[in-house]
Amino acid sequence: MEKNIYLYLLGIASFVLLFSNCNDNDKDGKAVNITIKNATNISGDIFAINVQEGVPLQLEAFVMPRSAESAKISYRIEGASTGAISISESGLVTPLSTTPATGTIPVPLGTDTIIATVEDGSGTFVRYPVRVISSTVIVSSITIQSAGQTPEIEKGKTFNLAQYVTVNPTNATDRTVTYSSENENVATVDQNGLITAAGSPGQTTRVTITANDRGKASASCFLTIAAEAPLYVAHPVSDKWKLSSNLGTKEGAPENLLDDKNSTFWAPAIDTRPIYSPECWLDIDPGEIIKFGRLGYRHRSLNYSHLQLHSFKLLVKKTESDEWTDLGVYTTEPLKVDNYQLFEATPTEARYIRLYLIKGHLRDGKTDWDYSESGNVSIGDIQVYKYNR
């Protein structure tokens, strides 16, 4: 019995000694690899550290094995500095390169190469280029909604072009723009984008919007002096707009209907076509009450795996609690993708507009509505017009 106890205690002691030796070996480990967590992949298998102009960056190292994590890491610039950065021994990078006041902005503004070394006698180190990136974001483009691209204005009347203008990207450093008229005898434009018609009916001029930053991105619209005020004007799309449907989405997104690009679309989760089943509607809320009088609709670019919208009913109401007012059923022209088809209705004060989708256009070789077929139904671009008289 005493012999068994002795053997048992000896076994425990051996296990403890083995575990203790493993810990000792782990503590004595040397670094075999080091990487910098701040590094990013810039091309293929090339990694670099990007630091934004004027914003210091503290580097963070990852050392393997774990036993070497506590070892000191030292940092230095390799060779002669280009003046792009300075770096402390503890790894604080201070960008020194700055964006030039004029001309093209280099990418990057400057580069120095740094070396991070594990100071544990292992000789383990890693080398990275550190690139200083300009904090200035240039305007890449200016876009004009289609309703602002070819406005028609009566002499003496005004048109607010700015509400249709978008400066891209939204984080551009200087998003201000300058408006100019090619012929001020036809129309003038102030720096808030308000155009005033001055010419005679039929005259035209180009109005140009130019970014004020060094990129000088620009866009133009072509204005025509109208014989009389247009009967309808497009209500500009803004972040106040909301779209909703009683059906889920099979493809695309409802927001695509407002982006003025007929390459995008929304396909509701309709099970059977061309007679849409289950019933489907799209609700449009432009965020305010308008005197609604016309709907613009454009098919998406042709894709024969989908059916295009054939017919729909227009319903409107002024407040959420009101009953829907039926403005009638409308039929689209098939295969027309280049221009909006315009559908006029009795001008009605409304905030909520419903498109009750009825049918899709028949496929080639189909002669009636009595067949059923599963598949997607593409809904294209939509414009809402206000009555202007």
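Contact here means heavy atoms within 4.5 Å. In this predicted model, Phe-292 is in contact, beyond its neighbours within four places in sequence, with Leu-314, Val-316, Leu-327, Thr-346, Pro-347, Thr-348, Ile-353, Val-384 and Tyr-385. Phe-292 belongs to the largest nonpolar core, which has 31 residues; together with Ile-284, Phe-312, Leu-314, Leu-355 and Leu-357, Phe-292 touches the most other members. Two or more residues of this core come from each of strands S24 (275–285), S25 (290–298), S26 (307–317), S27 (325–331), S28 (341–350), S29 (352–360) and S31 (381–387). Another core, of 26 residues, lies apart from it and includes Ile-36, Ala-68, Ile-87 and Tyr-128.

The structure holds 12 salt bridges. One of them joins Asp-285 and Arg-351, with the closest N and O atoms 2.8 Å apart. Asp-285 lies in strand S24 and Arg-351 in the loop between S28 and S29, 66 residues apart. Asp-285 is buried at 9% relative accessibility, whereas Arg-351 is partly exposed at 26%.

Glu-78 and Arg-127 also meet through their side chains in a salt bridge (2.8 Å, N to O). Glu-78 is in the loop between strands S6 (73–77) and S7 (85–87), and Arg-127 is in strand S10 (residues 125–133), 49 residues apart. Glu-78 is partly exposed at 30% relative accessibility, as is Arg-127 at 44%. In a further salt bridge, between Glu-182 and Arg-206, the closest N and O atoms are 3.7 Å apart. Glu-182 is exposed, at 60% relative accessible area, and Arg-206 is partly exposed, at 30%. Asp-260, Arg-298 and Asp-381 form a network of salt bridges.

The count of disulfides is 0. Cys-221 is buried at 0% relative accessibility, and Cys-280 is likewise buried at 0%.

Notes. Residues are numbered from 1 along each chain as its sequence is written. This is a predicted model: local features need pLDDT of at least 70, side-chain atom pairs count only at pLDDT 80 or more; totals for chains, interfaces and linings use all residues. Side-chain values use heavy atoms; hydrogens and water are left out. A nonpolar core is a set of buried Ala, Val, Leu, Ile, Met, Phe, Trp, Tyr and Cys residues joined through side-chain atoms within 4.5 Å. Buried means under 20% relative accessible area, exposed over 50%, partly exposed in between (1.4 Å probe, protein chains only). Helices (H or I, at least four residues) and strands (E, at least two) are DSSP runs, numbered from the N terminus. A disulfide is a pair of cysteine sulfur atoms within 2.5 Å. A salt bridge is a side-chain nitrogen of Lys or Arg within 4 Å of a carboxyl oxygen of Asp or Glu.
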